[in-house]
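Welcome! Have a look at the sequence and the model below, and then we will walk through them together.

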Amino acid sequence: MNDWYVEHGYITSHAELPRQNLDGAVLEYITYVVAATRDAHRAIPPELARYVEVGASPRASIAFAKAARAYALLQGRDHVIPEDVRHLAHRVLRHRVLLTYEATADDVRVETIIDAVLRAVRTPQ
């Protein structure tokens, strides 16, 4: 976390971040989204799944959860909601999902794959 947020009053300390509630259903949603990038052939349509060379690692779930907590805090909430996860998905996963050379040749962007994953994974209520 950048000290700029503390200096400008967005948060009082770095210790404030872990207090952001991350409901089990939202954490499970994050885990399923990340796992779906690794198991793309089961999660998204085959015409897109063939472009995924390597999906996001399990550690991406940890980074995703931290980013979602920080985002919720900056939005003035003490809890993470599924919309936070969807809002951050491109930022968190863009560099963690590697596409094939064929994807580059066919001008398929990683954001297209991430959007397909988000459509495929059920959002908690």
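This is a predicted model: local features need pLDDT of at least 70, side-chain atom pairs count only at pLDDT 80 or more; totals for chains, interfaces and linings use all residues.

## A starting question

T37 sits in helix α2. With a relative accessibility of 2%, under the 20% cut-off, T37 counts as buried. Leaving out residues up to four places away in sequence, T37 touches V52, G55, A56, L93, V97 and V117.

## The overall picture

The protein has eight helices and two strands. Starting at the N terminus, the order of these elements is α-α-α-α-β-α-α-β-α-α.

Of the 125 residues in the protein, 41% are buried. Among contacts with a separation of 6 or more, 69% are between residues 24 or more positions apart. The protein exposes about 7,500 Å², and carbon and sulfur atoms supply 51% of that area.

In soluble globular proteins, nonpolar side chains tend to be buried together. Here, the largest nonpolar core has 36 residues, and V33, I44, F64, L93 and I113 are the ones with the most contacts inside it. Helices α2, α4 (46–49), α5, α6 and α8 (110–120) each give two or more residues to this core.

Setting aside neighbours within four places in sequence, V33 is in contact with F64, L93, V117, L118 and V121.

## Helix α5 and what follows

Helix α5 covers residues 59–74, which makes 16 residues. From its first C-alpha to its last, α5 reaches 23 Å, close to the 22 Å expected at 1.5 Å a residue. Its buried residues are A60, S61, F64, A65, A68, A70, Y71, A72 and L73. Their cover includes α2 (24–38) and α6 (82–93).

After α5 comes G76, with a positive phi near 85 degrees. A polar atom of the R77 side chain lies 3.0 Å from the backbone oxygen of H79. Beyond its neighbours within four places in sequence, R77 is in contact with Q20, Y71, A72 and D84.

## Charged pairs

Side chains of opposite charge can pair when their charged atoms come close. How many salt bridges does the count come to? The count is seven.

One of them joins the side chains of R77 and D84, at 2.7 Å from N to O. D84 is buried, since its relative accessible area is 2%. Another links R86 with E83, where the closest N and O atoms are 3.2 Å apart. R86 and E83 are three residues apart in helix α6, so about one helical turn separates them. Both residues are partly exposed: R86 has a relative accessible area of 31%, and E83 has 42%.

The side chains of R94 and E111 also meet in a salt bridge, at 2.6 Å from N to O. This pair links distant parts of the chain, with R94 in the loop between α6 and β2 (98–99) and E111 in helix α8, 17 residues apart. R94 is partly exposed at 38% relative accessibility, whereas E111 is buried at 13%. Finally, R50, E102 and D106 are linked in a network of salt bridges.

How values were computed:
Residues are numbered from 1 along each chain as its sequence is written. Side-chain values use heavy atoms; hydrogens and water are left out. Helices (H or I, at least four residues) and strands (E, at least two) are DSSP runs, numbered from the N terminus. The expected span of a helix is 1.5 Å times one less than its number of residues. Buried means under 20% relative accessible area, exposed over 50%, partly exposed in between (1.4 Å probe, protein chains only). Contact means heavy atoms within 4.5 Å. Accessible areas come from the Shrake-Rupley method with a 1.4 Å probe; for residues, only the protein chains shown count as cover. A polar contact is a pair of N or O atoms within 3.5 Å; within protein, one must be able to donate a hydrogen and the other to accept it, and residues adjacent in sequence count only if both atoms are side-chain atoms. A nonpolar core is a set of buried Ala, Val, Leu, Ile, Met, Phe, Trp, Tyr and Cys residues joined through side-chain atoms within 4.5 Å. A salt bridge is a side-chain nitrogen of Lys or Arg within 4 Å of a carboxyl oxygen of Asp or Glu.
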